[in-house]
Amino acid sequence: MTEIKLHNTKTRKKEVFTPIDPDNVRMYVCGPTVYDRAHLGNARPVVVFDTLFRLLRHVYGEDHVTYVRNFTDVDDKINARAEATRRPIRDITDETIEWFHQDMDALGAMRPTHEPRATEYIGQMIAMIEDLIAKGHAYEAEGHVLFAVESYKNYGALSGRSVDDMIAGARVEVAPYKRNPMDFVLWKPSSDDLPGWDSPWGRGRPGWHIECSAMSYELLGDSFDIHGGGNDLQFPHHENEIAQSCCAHPEGKFANVWMHNEMLQVEGKKMSKSLGNFFTVHQLLEQGVPGEVIRFVFLGTHYRKPMDWTEKKREEAEKTLLGWKSAVSVFCDDLPDGIKGQQPPVDVVSALADDLNTSLARTRLNEYAKSAQKGDLQAAISLAEGMEFLGFKHDHTWEVGFGASLNKILDDPVDLGVYEAMLFTARKAAMETKDFAEVDRISSVLRDAGLEVRASKTEVVLDFTPDFDPSKLEALK
Ligand SMILES: [Zn+2]
């Protein structure tokens, strides 16, 4: 069996991954708060943990992995949006979940096994809070229930902070009813105009952190294998989840391995509305950037490094993916049926098994693509399997923009070698006659058809660009 190594935030080491139960490998990833379109940064953990999900399914079997990702559908940002738009909360959250699914489907992300909504687990959250109060880890004050951080001696262990450091660094307004400034809200009162549920502490709603503890316990048990999310969630969200879960269920270990992806930047700068470089996945898709291209760019950077989204990377990704798809399409009649990524090349799997080295996996596939372009059928099969395994369609094309030209290629593969030979022969003749008219004519047709032309004394190399239009090559036939 493939040995998987993962970097564990908890131990700060890369460790061999040993599941609690190889027949049911369990992973929980914190999902979105649903009040608006997902921005590009929101998509990063989705793609990172989708890749891990695919690897785990490959190693342990498709039916032996349970992946849970929640939807936070009770939150003050949602309430504010409902008030601003005068729309019912449920309309907003339903619509946003639908958008999220559409956008993440476009990125080739598989749906998790379970996608629980917080509002469907309120009863379980109340039960957990009651249990925490009974065990002396939480207290009620002025209609709120707070978790007492001093009651949990390991508080801060994940992010490596002490409670005193946190107090010193905290800039939050300290509510007078808190015993310790770091105590956090498990339950808070709701006024009549806000969503609320009856509870032993009056009508109210949960704090943010408790939902992940309650839902992971319900769906994965008191101990599970992997907990993931963006590294902005490490503190306080994940510290608080650990405190709640370990105090409510001291017999369990909560999550064994903690994984955090780094953040996303745009052209070297933090993505923010004020810098004008803030955009959603939907906006990119609308502009004609294929979801697969976004995914491909993401996989070029290791998940523990900051990911820089640049226009250059997007262009290169389009070109490379197009090259891969056309390398496979040349062999479309010879490929075995049912290529679904179930038999990916071993070197691609082992790259992912080494703490998700996705950029190495990409490099490996590019090597197969080069061999396939030289006529190696086996390499084309490996490439197709590896593409599917990583979430790319080997035989489907994009519906918009660049995809339109790819469609034409897949229907009628273009052999660039023929045109390279044509131009090379013309150049050779022109060297003798010193008449370059024919060379210029051929070159300009090729460029006009959206091909990149590089010619030297010894060779001619053509390459596709996003503007490729094979119909314009007719002029050379
Ligand atoms: Zn969470």
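Is T51 buried or exposed? T51 is buried, its relative accessible area being 2%, where buried denotes under 20% relative accessible area, exposed over 50%, and partly exposed the range in between (1.4 Å probe, protein chains only). The model is predicted, so that local features need pLDDT of at least 70 and side-chain atom pairs count only at pLDDT 80 or more, while totals for chains, interfaces and linings use all residues. Residues are numbered from 1 along each chain as its sequence is written, and side-chain values use heavy atoms, with hydrogens and water left out.

The protein chain contains 16 helices and 15 strands; these elements are DSSP runs numbered from the N terminus, helices being H or I of at least four residues and strands E of at least two. Of its 477 residues, 53% count as buried. The C-alpha atoms fill a box of roughly 95 × 50 × 40 Å along the principal axes. Among contacts (heavy atoms within 4.5 Å) between residues at least 6 apart in sequence, 74% join residues at least 24 apart.

T51 belongs to helix α1, which spans residues 40-60. Beyond its neighbours within four places in sequence, T51 is in contact with R295, L299, L352, L356, T358 and L390. K273, by comparison, lies in the loop between β12 (269-270) and α8 (281-286) and counts as exposed, at 63% relative accessibility. An unreviewed UniProt entry annotates K273 as "binding site"; UniProt positions follow the numbering used here, feature names are shortened, and annotations may be inferred rather than shown by experiment.

The zinc ion is coordinated at 2.1 to 2.2 Å by C30 (SG), C212 (SG), H237 (NE2) and E241 (OE). Donors are N, O and S atoms within 2.8 Å of the metal (3.2 Å for Na, K and Ca), and sites may look incomplete because water is not among the atoms. The arrangement is irregular because the angles subtended by the four donor atoms range from 79 to 129°. Four donors count as tetrahedral if all angles lie between 85 and 135 degrees; four count as square planar and six as octahedral if opposite donors are over 155 degrees apart and all others between 65 and 115; anything else is irregular. The donor residues follow the spacing C-x181-C-x24-H-x3-E. Distant parts of the chain are linked by C212, in helix α6 (residues 210-220), and E241, in helix α7 (residues 234-248), which are 29 residues apart. Both C212 and E241 are buried.

An open sheet is formed by four strands in the order β4-β3-β9-β10, with parallel pairing; two strands pair if DSSP finds at least two bridges between them. Strands β4 (65-69) and β10 (254-261) stand at the edges with a single partner strand each, so one side of each has no neighbour in the sheet. From one strand to the next, the twist averages 20°. Strand β3 (residues 25-29) is joined to strand β9 (residues 223-230) by three bridges, and V29 stands opposite G228 in β9.

Helix α6 lies across β3, β4, β9 and β10 and runs at about 160° to β3; axes are lines fitted to C-alpha atoms, for helices over the stretch in contact, and angles run from 0 to 180 degrees between N-to-C directions. Eight of the 11 residues of α6 are buried, among them I210, M215 and L220. Just after α6, G221 adopts a positive phi of about 95°.
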